[in-house]
Amino acid sequence: MDKLVIEGGFRLSGDVQISGSKNASLPVLAATLLTEEQSFIQNVPSLDDIRTMSTLFQHLGVNVQTNGDELIIDARHISTVEATYDIVRKMRASVLVLGPLVARFGRARVSLPGGCAIGARPIDIHLKGLEAMGAHVLLEHGYVDVTAPAGGLRGARIIFDLPSVTGTENLMMAASLARGDTTIENAAQEPEIVELAEALTSMGVKISGAGTDRIQIEGQECLGPLLHTVGPDRIESGTFVAMAAITQGDVVLKRVRADHLRSTIAQFMKAGCEITELRSGIKDEKYCDLRVIGPNQLRALDVSTAPYPGFATDMQAQLLACMAAAEGTSHIEETIFENRFMHVLELLRMGADISMHGNLAVVKGVKHLSGAPVMATDLRASASLVIAALKAQGISEILRIYHLDRGYVKLEDKLTGLGARIHRVTQK
Ligand code: EPU
C-alpha cells in the first residue's frame, strides 16, 4: 500500500488547477444509463471512484471509453441489471445506478451499501421515493431488488424526511423516464444537484427548481444523448483553501466556482484569511480564480455542518485540522453524519488538543503540531491529516492513501507544485 511522506513547515505559494468534481461526475455518469444514445462527458477527474463506476458499468455491459478527461459512454445494450456487493462495498455511490436502471429497464438489483466509516448511511429515502413511483421493493440476501409496475414508473409527489443528496439524484433520474410529473419536496440543494439537472436537460428532460428544496421533473418517453462538462470540485477547492490557510500560504485556485464555496470562504475569512476573487482573463462570469492568503496565526471558530448552502460536512475534517493549530478554542459540530470524527484520534497523535462531546469537537489550538505516522479511514479524514502534516514540525507519514486516491487528483503533484515537501512511497 502506498503512503505519503510529508515534511511540514513550508509555506505554500503559487497556482493550483482544480479538477472536475467527483460528486458531480458520479450521478452524471449514472444518468447515461437512461439513454440508448452515446453520451459524452468532459472534465471527468481521474480518480479511483470514477474508475470504480466504470468497472460497474462494464459489469452491466455498458461500453465506456476514456479519451483524456472525456468519457464516452454507450449504454445501448446492457447484459445485467445487477450491481454486486464486491463493487458497491468499494463505493456507496454505486447505488446511483438504481434509479436509472429501474426507470429504463423496469428492474434493478443492487447490493445494500451497509455501514461505512462515516456512519450508518441507509438508503431508505431512495427506496421510499421509488415506492411512491409505483415500484415494488424487496430486500433479501443483502440486496435490494426493485421492480417497476407494468407500464413503468409513474410520476409522484415525494416528500423526503431528510434532504439526501444521492437520494435526490436517484429520484431525479428515475423521474426522467417516468410517466407523468414528479415533485421532490425537501430535496437536497447542493450544486451537484444543479449539475445533474443540467445534464438531464441536455438529454431532453424538463426540470425546474433544481438548487431549491422543491424540484419538478416532467418524465419523457425516451431520452437523447447526455452532453456535459463537469464543473470544478468544490471540496477539492475548499481543501486547498485550508492548506493555504494553515501554512500562511499565498495560493491561487484556478477557475473555481466561488458561489459554491460561500460558507467555506466565510469561515476561513473569519479565521483570518484574506480571500479574493480574481476575474481578469476569465470570460465566463460563473468562474473566477480564488486567491487565498493565510494569516500568521489562524483564529478559532465555532462551526456546525449543515446541508448546502451551510458549511459542508465534507469540509469539516479539513477545517478541524486547521483549528488544531489556531489561536483559541474552537467548537466544531457534525450534524450530518453520526461518526465523522475518525481523524480526531490521529490528530491527537500529532499533538492536537481535542476533546469529543458526542458530535461536538472542542479543539484547543496548540502552538505546534508534530509530525507522526498516521492513517485514516475515509477520504476527507485523510485530507485533514495531510493538512495537519503540512503544518507540523518534522516528518509525517500518511498511510492508507487509497482513500485520498478516491477523491483527490494527483494531490502530491499539486502540492509539490505549491512548494510542499511531499512524496509518495509505493509499497508492495
Ligand atoms: N440518510 C438516510 N437515509 C437515506 C439517505 C441518507 O437516513 O436514504 C441520511 C444519511 O445517513 C446522512 C444524511 O441522511 O446522515 C445525509 O446523507 P446523504 O444521503 O445526503 O449523503 P450521500 O448522498 O450518501 C453525498 C456525498 C457525500 C457527502 C454527503 C453529504 C456523493 C457521492 N456523496 O453522500 O460525499 O458527505 O452527500 O453532503 O455525492 C465525500 O465526497 O467524501 C462524501 C462522503
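This is a predicted model: local features need pLDDT of at least 70, side-chain atom pairs count only at pLDDT 80 or more; totals for chains, interfaces and linings use all residues.

Colleague: Which residue does a cis peptide bond join to Pro309?

Modeller: Most peptide bonds are trans. Here, however, omega is about 10° for the bond in question, and this cis peptide bond joins Pro309 to Tyr308.

Colleague: What is the phi of Asn186, and where does Asn186 lie?

Modeller: Most residues other than glycine have a negative phi. Asn186 lies in the loop between strand 11 (181-185) and helix 7 (191-202). Although Asn186 is not a glycine, its phi is positive, at about 60°.

Colleague: Turning to the ligand, how far is a polar backbone atom of Ile336 from an oxygen atom of the ligand?

Modeller: Ile336 is among the residues that come nearest, together with Asp124, Ser164, Thr166 and Asp314, out of 21 residues around the ligand. For the polar backbone atom of Ile336, the distance to an oxygen atom of the ligand is 2.6 Å.

Colleague: How much of the area that the ligand exposes when taken alone does the protein bury?

Modeller: Taken alone, the ligand exposes 840 Å². Of that area, the protein buries 88%.

Colleague: Which helix gives the most residues to the shell around the ligand?

Modeller: The elements that give two or more residues to this shell are helix 1 (22-31), helix 5 (124-132), helix 6 (165-176) and helix 12 (379-391). With 3 residues, the one that gives the most is helix 5.

Colleague: How many residues of the shell around the ligand are charged?

Modeller: The shell draws at least three residues from each of domain 1 (2-19 + 232-426) and domain 2 (22-229). By class, it has 10 nonpolar and 5 polar residues, while the charged residues number 6.

Colleague: Finally, which residue lies over the face of Phe10?

Modeller: With ring centres required to lie within 6.5 Å, the count of aromatic pairs comes to 0. Charges over rings are another matter: Arg255 lies over the face of Tyr287, at 3.9 Å from the ring centre. Over the face of Phe10, at 4.0 Å from the ring centre, lies Arg421.

Definitions and conventions: Residues are numbered from 1 along each chain as its sequence is written. Side-chain values use heavy atoms; hydrogens and water are left out. Rings of Phe, Tyr and Trp (its six-membered ring) pair if their centres lie within 6.5 Å; planes under 30 degrees apart count as stacked, over 60 as edge-to-face and the rest as tilted. A charge sits over a ring if NZ of Lys or CZ of Arg is within 6 Å of the ring centre and within 35 degrees of the ring normal. A residue is near a molecule or strand if one of its heavy atoms lies within 4 Å of it. A polar contact is a pair of N or O atoms within 3.5 Å; within protein, one must be able to donate a hydrogen and the other to accept it, and residues adjacent in sequence count only if both atoms are side-chain atoms. Accessible areas come from the Shrake-Rupley method with a 1.4 Å probe; for residues, only the protein chains shown count as cover. Helices (H or I, at least four residues) and strands (E, at least two) are DSSP runs, numbered from the N terminus. Ala, Val, Leu, Ile, Met, Phe, Trp, Tyr, Cys and Pro count as nonpolar, Asp, Glu, Lys and Arg as charged, and the others, Gly among them, as polar. Domain bounds come from an automatic or database domain assignment.
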